[in-house]
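Please walk me through this protein model, moving from the overall fold to its sheets, its helices and a few backbone details.

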Amino acid sequence: IVSWEHRGQAITALCWDTSALRVFVGDSGGKVSFLRAGSSKLGKGSFVIFPVQTVTTVDSRVVQLGYQDGRLLVSSLSRCYLCDTEREKFWRVGNKERDGEYGACFFPQNRGLLVGQPPLLYCGRPGSRMWEASFNGEVLSTHQFKQLLACPPLPLITYRNEPHYNPGQKSPQSIAFPKLLYLGDQNLLTWTDSAIYIFTPQNGQLLLWTEVKDLVDIAVYRSELFCLHGSGRLSHLSLLSAERCVERLLRRESWPLAAIICCMFQHTITTSRARKSIPIDRLEHLKCQLSSTTHMELTSQLEEVIAKLEPLDSASSSRRSSISSHESFNVLDCGIYRVISRRGSQSDEETSSLINQSMSEEERLKEFSFVQEEDQEQTSSLPLLEFNLKRE
């Protein structure tokens, strides 16, 4: 099918509505349209493309589109718009304009006590800020991430190179959030041409950032990242907890790398909950696989980690006691106690921006690492798979 709806303009954004088999299209002139595909009577796998319909035309180039529960989110160079596609109603998100490429996305609330609540919106703002807005477009608060970005990157773990973490590598950063993507069940992802950033906005934290070269675009599925690089190469990153990373490396018998991750992220590996994935005997077996000559120092470091291991039945009641009795909370899969306590809402940046507190270096290393499979002979159109590691 060939559509001339956007003739003379560059297509700048695409978004699928999988429930209705239609795709929304945004262009450099600000026009947003959609085309619908439906199954035909010609047999399984046959589709009919219906005529293209214009949804709206916004004030400037479309930067990003998002669709959730009957509403289309349009982020242009100057502001964000919401569109009720069934009732054909449109309204702006917030009152203040901006100038530049800033993304926006929906943020489903599908965890714990928030299940069933309408999605939130997150919209990029200048100065490493982000609006949090309701499903109706009302700005609830402004998150400031600039201070959090002054921290060293977590390493991308690869089978080809030994990972290195330099806690002294700190330099201020300011990013524009050119696109925002919902990742996993509580994270937001953005990127530049040289780095990936993952935030947990409702906790006001920078989950991690890591350096990745020559990035052009990223698509996500659950906790999986599919990255397009400038050379045309595709890579696959998978966000994992530190203990799951070690477990995967042990299965692949990547002994030195597994030991390095254990030492690098020992604050997570030594906890009792990590015993479910990596029991003590597996770590003892790992130590026996290291060379007594070439891995002498690494063996010594691993022995120190093993000496600190908590048993599986070790209770972490201190987390419960730190939560006041009048606050509700739910326990995440990773064992973190998340307090359900909403802050007062602010309508604009100037009123009372939320200044997010940075995690300590120990906390940043507590949860995450990254893994990347080594290069193999090219046997298909896709290059090797890469794996990244997350803090849950």
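Start with Asp214. Asp214 is partly exposed, because its relative accessible area is 41%, and a value counts as exposed only when it is over 50%. The residue is found in the loop between β17 and β18, the latter covering 215-221. Its phi is positive, about 60 degrees, although Asp214 is not a glycine. Most residues other than glycine have a negative phi.

The model is predicted. Keep that in mind throughout. The secondary structure of the protein comes to eight helices and 25 strands. There are 392 residues, of which 51% count as buried. Now take the contacts in the protein with a separation of 6 or more. Residues 24 or more positions apart account for 52% of them.

Next, the sheet that ends at β17. Four strands make up this open sheet, in the order β14-β15-β16-β17. Their pairing is antiparallel. Strands of a sheet pair through backbone hydrogen bonds. The edges are β14 (181-183) and β17 (205-211), and each of them pairs on one side only. Between neighbouring strands of this sheet, the average turn is 30 degrees, direction ignored. Look inside the sheet at β15 (residues 187-191) and β16 (residues 195-200). Four bridges join these two antiparallel strands. Thr190 stands opposite Tyr197 in β16.

Another open sheet also has four strands. Here the order is β6-β7-β8-β9, with antiparallel pairing. Its edge strands are β6 (62-68) and β9 (89-93), and each pairs on one side only. Neighbours in this sheet are turned by 20 degrees against each other on average, direction ignored. Six bridges join β6 to β7 (residues 71-76), and the two strands run antiparallel.

Glu88 is found in the loop between β8 (80-84) and β9. Its phi is positive as well, at about 55 degrees, although Glu88 is not a glycine. Is Glu88 buried or exposed? Glu88 is exposed, with a relative accessible area of 63%.

Now the helices. Helix α1 (residues 242-251) packs against α2 at an angle of about 165 degrees, with the axes 8 Å apart. An angle over 145 degrees counts as roughly antiparallel, and α1 and α2 are therefore roughly antiparallel to each other. The crossing of α1 past α2 is left-handed. On the α1 side, the contact is made by Ala242, Cys245, Val246, Leu249 and Leu250. On the α2 side, Trp255, Leu257, Ala258, Ile261 and Cys262 make it. How do these residues divide by class, and how many are nonpolar? Ten are nonpolar, with no polar and no charged residues.

Helix α2 (residues 255-264) also packs against α4 (residues 280-289). The angle there is about 125 degrees, and the axes lie 9 Å apart. That makes α2 oblique to α4. This crossing is left-handed. From α2, the contact uses Trp255, Ala258, Ala259 and Cys262. From α4, it uses Leu283, His285, Leu286 and Gln289. The contact of α2 with α4 has six nonpolar residues, two polar and no charged. Trace Trp255, Ala258 and Cys262 on α2: they take part in the contact with α1 and in the contact with α4.

Conventions
Residues are numbered from 1 along each chain as its sequence is written. This is a predicted model: local features need pLDDT of at least 70, side-chain atom pairs count only at pLDDT 80 or more; totals for chains, interfaces and linings use all residues. Side-chain values use heavy atoms; hydrogens and water are left out. Axes are lines fitted to C-alpha atoms, for helices over the stretch in contact, and angles run from 0 to 180 degrees between N-to-C directions. Angles under 35 degrees count as roughly parallel, over 145 as roughly antiparallel, 65 to 115 as roughly perpendicular and the rest as oblique. A crossing is left-handed if the near helix is turned anticlockwise from the far one by less than a right angle, and right-handed if clockwise. Contact means heavy atoms within 4.5 Å. Ala, Val, Leu, Ile, Met, Phe, Trp, Tyr, Cys and Pro count as nonpolar, Asp, Glu, Lys and Arg as charged, and the others, Gly among them, as polar. Two strands pair if DSSP finds at least two bridges between them. Buried means under 20% relative accessible area, exposed over 50%, partly exposed in between (1.4 Å probe, protein chains only).
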